[in-house]
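Hi,

Here is the structure I promised to pass on. Have a look at it first, and my notes on helix packing and the ligand follow below.

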Amino acid sequence: MSSDTLSITDNRTNKAIEIPIDRGTVRATDLRQLKTDEYDFGLITYDPGYMNTGSCRSRITFIDGDQGILRYRGYPIEQLAEDSTHLECSWLLLNGELPTRSSLTSWENQIVGNMAVNEAFKPFMSSFWHDAHPMGMVQAALAALGTFHPSAKKVHDREERQIHIRNLIAQVPTLAAYAYRHNAGLPYVGPDSMLSYTGNFLNMMFSRGETRHRPHQVLERALDVLFILHADHEQNCSTSTMRMVGSAMTDPYAALSAASAALYGPLHGGANEAVLTMLREIGNKENIPEFIKGVKAGQGRLMGFGHRVYKNYDPRARIVKRCADEVFEVTGRNPLIEIASELERIALEDEYFIRRKLYPNVDFYSGVIYEAMGFPTEMFTVLFAVARTVGWLAQWEELLCDSDQKIARPRQIYEGEEIRDYVPMEKRH
Ligand code: ACO
């Protein structure tokens, strides 16, 4: 008997099977051999929330949650945050290798040169209610953007995919800035080919009148680093949504819209907004013990803490914290950082959080930086979506090139009524 196998005896029938183990994984479909009779569908696994199910093989992002390790294509996140740029990381995530100087220059030119969206988007964005949430606007805008690109439906055509991957990375920041300016009642500002990707985004957000917004170099770099940190995170909720929708051969604009909807939730990318709301509600350091007591009693969660995968300090949170110090040197200290730091200190010494291995995640400190840079709270998750667009698309491309993949379609354990006859209205109680 080979050692890389698993022997299972089904005690209902005494049937014994041996199934292969490949890289610490058994195939769930191998369990279907275990049946109680010939009509039985076969044994299936029950895994709500996909706590222990590998949905794909991937070569993009590696996480070791126990040790707090994150790598893109093998490169440690710390090194990328130190030395790389968001567009270089985008190339890396999409192509698997760091670009040469000429490939990077060409990629940067392609992206910056494609940031303008169709003029028809201005009336489309203007049609939202004045205080529509920018994340709702971006989701809708992404789906709408796809209607301008019918060729995006040719998902089996690699060249077409490359065109739309480039369009989306280039244009999501523009849609994001339009959403902000709609809320602010400001005229839309288009991209400027003289600026960098991140500089362009800041200019489209914050320029006033005819004057080009000249972001402080430290702030532009800090935002670029935050984009790097958020660029991919393997099979999280929104990326799995991208893959699930993409598995139906849906075009990438619609799939990205769905992924951004998943990101919007407060347990996922919406946490950065929720953290700021929480910090404001706490108000000052004296209120923290009472707040923690409430969390431990089940009256809400400590937002920005805890992670499905990290059972150690999220390596991104460490970098974000350092970034905050650099940003505050330029903008002045956001007073909420004092509450956040004290919350972290108290939580990390508290038995409740220690026992459950709850540490700050990437979103615990990102919001205080965004706020210091002048972004309104509602834009925080949009910033996350701008950065994560790259990861979603890299994972989508990988899905489409993976011959193992099929349309995603989980099973269920049906626990409802057995067959029964329809009851006419007059006979119902
Ligand atoms: N505050 C208080 N208690 C928490 C928290 C928290 N933030 N997170 C988890 N717990 C507790 C749970 O109540 C549970 O306790 P129990 O065992 O007594 O029932 C235990 O820790 C395990 O929690 P689960 O919900 O089972 O963990 P799961 O892996 O399903 O959830 C999640 C992970 C959603 C991130 C969770 O930690 C959470 O809600 N955090 C706050 C929201 C947040 O910051 N989300 C951003 C995540 S990062 C990202 O998506 C970019």
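Let's start with α6 and α7: α6 passes α7 in a right-handed crossing (a crossing is right-handed if the near helix is turned clockwise from the far one by less than a right angle, left-handed if anticlockwise). Before going on, note that this is a predicted model, where local features need pLDDT of at least 70, side-chain atom pairs count only at pLDDT 80 or more, and totals for chains, interfaces and linings use all residues. Residues are numbered from 1 along each chain as its sequence is written, and side-chain values use heavy atoms, with hydrogens and water left out.

Helix α6 covers residues 158–184 and helix α7 residues 197–206; their axes come within 8 Å and cross at roughly 20°. Axes here are lines fitted to C-alpha atoms, for helices over the stretch in contact, with angles from 0 to 180 degrees between N-to-C directions. Helices are DSSP runs (H or I, at least four residues), numbered from the N terminus. The pair is therefore roughly parallel (angles under 35 degrees; over 145 is roughly antiparallel, 65 to 115 roughly perpendicular, and the rest oblique).

On the α6 side the contact (heavy atoms within 4.5 Å) includes Ile169, Pro173 and Tyr180, and on the α7 side Phe201 and Met204 are among the residues involved. By class, that contact has eleven nonpolar, two polar and one charged residues (Ala, Val, Leu, Ile, Met, Phe, Trp, Tyr, Cys and Pro count as nonpolar, Asp, Glu, Lys and Arg as charged, the others, Gly among them, as polar).

α6 also packs against helix α10 (residues 252–264), at about 45° with the axes 10 Å apart, which makes α6 oblique to α10. Here His164, Asn167, Leu168 and Val172 of α6 meet Pro252, Tyr253 and Leu256 of α10. That contact has five nonpolar, two polar and no charged residues.

Next pair: helix α8 (residues 217–230) and helix α13 (residues 315–331) have axes that come within 10 Å and cross at roughly 165°, so they are roughly antiparallel. This crossing is left-handed.

A ligand oxygen sits 2.7 Å from a side-chain N or O atom of Arg301, and a ligand nitrogen is 2.8 Å from a polar backbone atom of Leu302. There is also a ligand oxygen 2.9 Å from a side-chain N or O atom of Arg356.

Cheers

Notes. Helices (H or I, at least four residues) and strands (E, at least two) are DSSP runs, numbered from the N terminus. A polar contact is a pair of N or O atoms within 3.5 Å; within protein, one must be able to donate a hydrogen and the other to accept it, and residues adjacent in sequence count only if both atoms are side-chain atoms.
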